[in-house]
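Please look at the structure shown here and at the notes that follow.

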Amino acid sequence: MPRRSPLFLALVLAAAQTVAAESDPGTAKDVISAAEKEGKLIVYSTTDAALVVPLLKDFAALYPKLTLEYNDMNSTELYNRLISEVAAGAGSGDFLWSSAMDLQIKLANDAYALAYASPELPHLPQWASWRNEAYAVTFEPIAFVYNKRLVKAEEVPQSHAELAKALAGNPDRWRGKVTAYDPERSGVGFLLITQDARLDPNFAETERSYGRVGVKLYTSIGAMLERIQSGEHQLGFNIFGSYATARQRKDPSIGIVYPKDYTLVMSRVALIPKAAKHPNAAKVFLDYLLSKRGQELIAKAALFSIRDDVEGETTAAALNRELGGTLKPLPVGPSLLVYLDQAKRLEFLRQWQQAIGTK
Amino acid sequence: MVLATGLTILSPLGIILYQSFLDGPFFQGSTKLSLSAFRFVLADADFHRAFGSTLIVAVGMTGLAVPLGGLLAFLVVRTDLPGRRWIEPALLIPIFLSPVVIAFGYVVAVGPVGFLTLLFREAFGKAPWNLYSLASVTVIAGLTHIPHVYLYTSSTLRAIGSDLEEAAAVAGAGTAQIAWKVSLPMVRPALLYSGVLVFFLGFELFGLPLILGDPEGMLVLSTYLYKLTNRLGVPSYQLMAVVAVVIMTFAFPLVWLQRRLLGLSGRFVSVRGKGLKRVPLRLGRWRWAALLLVLAWLVATVVTPLAGVFLRAFVTNWGEGVRLREVLTLEHFTELLDYPNLVRGVVNTMVIGVVGGAIAVACYATIALVQHRWQSRWAKVIDYLVMVPRGMPGLVAGLAFFWVFLFVKPIAPLRATPVSLWIAYSVVWLAYGMRLISGALLQVAPELEEAALTVGASRGQVTRHVTLPLIRFGLLGSWLLIFLIFVREYSTGVYLLGPGTEVIGSLIISLWATGAIDIVSALSVINVVLVGLGLAVALRLGVRVHE
């Protein structure tokens, strides 16, 4: 390849930037140039790096002057790391992106977050941001997942009521075959089951039916999906449709049902810590994630785009058409903090343990 | 030097103790001194369950590992067991396999829809075992700890010579009678020592119950501690510190007891016969039955889980109704390259194993040399200091070191580098490493050094020209063993895991939690291959895995 002069490259880049597509983020010019001076960006995230590789590559192509360091970790770890690093006055992440919505809101509530009005805000639903500090980036439906090899089509429950009825009606058929998050050991699992308690009018009964079939509880979505795939378990509830869809692309024996009575929608919430050393670079990344260009790649990664102007199977737009009013997105805001009160949390867990009979 | 060693060892311990008496994270302004964490944990039903399970597992595995390990040592060292030359190195494999990898392999092999379970079910209609029960964890833990007992017992057996047994044989005693009446009493101190050791290791068990206890919600103390991370929704370091304190309360006396017993068994061993020529005892028609028993154990503890791990690494999915031929793939390994942190993890693991292992051995050797020939009160202090980290579970030590690196400003820049991990590893394995080195040092009689001193050599010269050359081979062996231990290590890195400090062991734990099983299986295979290579080199060089 002939060597190009730096000037030539700069010209090409400039040209590329002036013909920026409409789908590109609308970040203000001064923010971009400040970010480029910072040159670097450290992301703490709960999303598997492999899932977002195309997204990160595209970001690098769009902002070649920014070096992005992506670290995935679990949600509690992410939270703990930030508060201890801030307390130590040591460097921390510039951008937090976590599926533990409650912990993200707690960080914002405890004044750890920087306010930034993203220019992409008008394209987001009303409930998807809080005080310009916390932003929902994805729109992930919570599903029932089953093994198509082992569960007959007519056996698959289509709603929470049907699930409870199926389990209670034939507990021997399902004993040891049903799986879900363990609310005691998994923060996300706790959040989901408390939402069930709020939305399912017959929650007490549903809960008992879980107990009757000896529901198997895990701390990770991967462990559950792996075991549904292998047939060790056959049906799982409160499972992220995003992960299940990604798995389904590799293994067609995975079946996914969005419950017809209500389908919870979770988001991965992003925020920029006040302690960020590269706040402008973080702003650029936030705008990029929320932009049409970023959201198209979010949809491609089966994380479900939250913008209504992104089309495709794994988007809010498609889900809204299919499920309409039964979609129940968890609003990004202080209502998520209810169960971070220790007494309330332990009381809920005590009731749960009693209902499913582990105590 | 005493000061430096002391600080490195005691600072994590101090942080944990302090943290256990607070009502919030120690670094938060609003935190007060309080006993509330102790009250919460001690009143928690889960804690009592976990404590009970821990006792059952520890007692059960000791009950299993000690007799079987003793028997194995007798068979390999004293009898004409067929193929004992190649059996011996194979016996040691379980020590160097990560328990997480083993547990994961068992799930694929003999879990409810494991490939062996399915075969068995096809043949007999039902598979009568449940991998996720307390009993299974106990049995697996017992089987995988047989080598620990074997090591101590076999080296005692070797050291005491077989003249007494031969005398008994001449007098007409049968092999079983000799084993029971003559050999057993001689190795009793070694059995007792290894029993305490296995019981102690049972208290710290983490990887096995983490993975096998998940589906049934079974908890032991270490997994209970891990679970507390999430219990209150926000970090509950004070609760975790309390559990750590509880574990250490039991661990320290056990460590101390081990030391006492080791002294005893050493004294016993020193009564040795002169002519060490051994005539193996005849097993007669039991020869092949004995071999079969040993092979059955190897198949159960090494072949089965490794087959599971390798199988899972090369298929896209598995289980009931899956035809394995249709799902074969190499994708998981190529996928690894997509994750820069995984690539870093593999590189870091090797660097920490090879370079870190070498530096750790150098440090251990320095401390050991000072202690070895320096008769002073301070040598005694160091002697006790090096025992301390042994009583701290790796998981807890890792968390404490994370705090140390975070809040001690001068060393803070090291936190995001493998150096932090290396320090944590070196401290956690200090007692083990020191034993390796002092084992090598004990082989050098003080006369040689004294001779050099008499002809006018300085202390430094003696060390450089006499002691070090004499223990060179011992140091090389220690390096290889430390390499194996560092490559296998997983729990210490869990809380230190971050950009720059990835290693295979802690990545497996973290990825298991996020559920990237494909990657976990590929990493496990790489881990096993690394350990296998290290072990092969060690055996090739004739390194004795013990002392």
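How many residues of domain 1 of chain A are in contact with residues of domain 2 of chain A?

## Domains of chain A

In this contact, 18 residues of domain 1 of chain A meet eleven residues of domain 2 of chain A, where two residues are in contact if their C-beta atoms, placed from the backbone, lie within 7 Å. On the domain 1 side, the elements that give two or more residues are H4 and H5 of chain A, and the largest share, six residues, comes from H5(A); helices (H or I, at least four residues) and strands (E, at least two) are DSSP runs, numbered from the N terminus. The residues on that side divide into nine nonpolar, seven polar and two charged, with Ala, Val, Leu, Ile, Met, Phe, Trp, Tyr, Cys and Pro counted as nonpolar, Asp, Glu, Lys and Arg as charged, and the others, Gly among them, as polar.

The assignment gives domain 1 as 25-139 + 267-314 and domain 2 as 140-265 + 337-356, with bounds from an automatic or database domain assignment. The centres of the two domains of chain A, taken over C-alpha atoms, are separated by 29 Å.

## Basis of the model

This is a predicted model, in which local features need pLDDT of at least 70 and side-chain atom pairs count only at pLDDT 80 or more, while totals for chains, interfaces and linings use all residues. Residues are numbered from 1 along each chain as its sequence is written, and chains are lettered from A and ligands numbered from 1 in the order in which they are written.

## Overall form of chain A

Chain A has 15 helices and 13 strands, and its C-alpha trace spans about 75 × 45 × 35 Å along the principal axes. Of its 359 residues, 53% count as buried, that is, with 20 or more other C-beta atoms within 10 Å of their own, as against exposed with 12 or fewer and partly exposed in between, the C-beta atoms being placed from the backbone. Among contacts between residues at least 6 apart in sequence, 78% join residues at least 24 apart.

## Contact with chain B

Between the chains, 48 residues of chain A are in contact with 39 residues of chain B. H10(A) gives the most to the chain A side, with seven residues, and the residues of that side divide into 17 nonpolar, 15 polar and 16 charged.

In chain B, Leu68(B) is found in helix H3 (residues 45-78), and Leu68(B) counts as partly exposed because it has 18 C-beta neighbours inside 10 Å.
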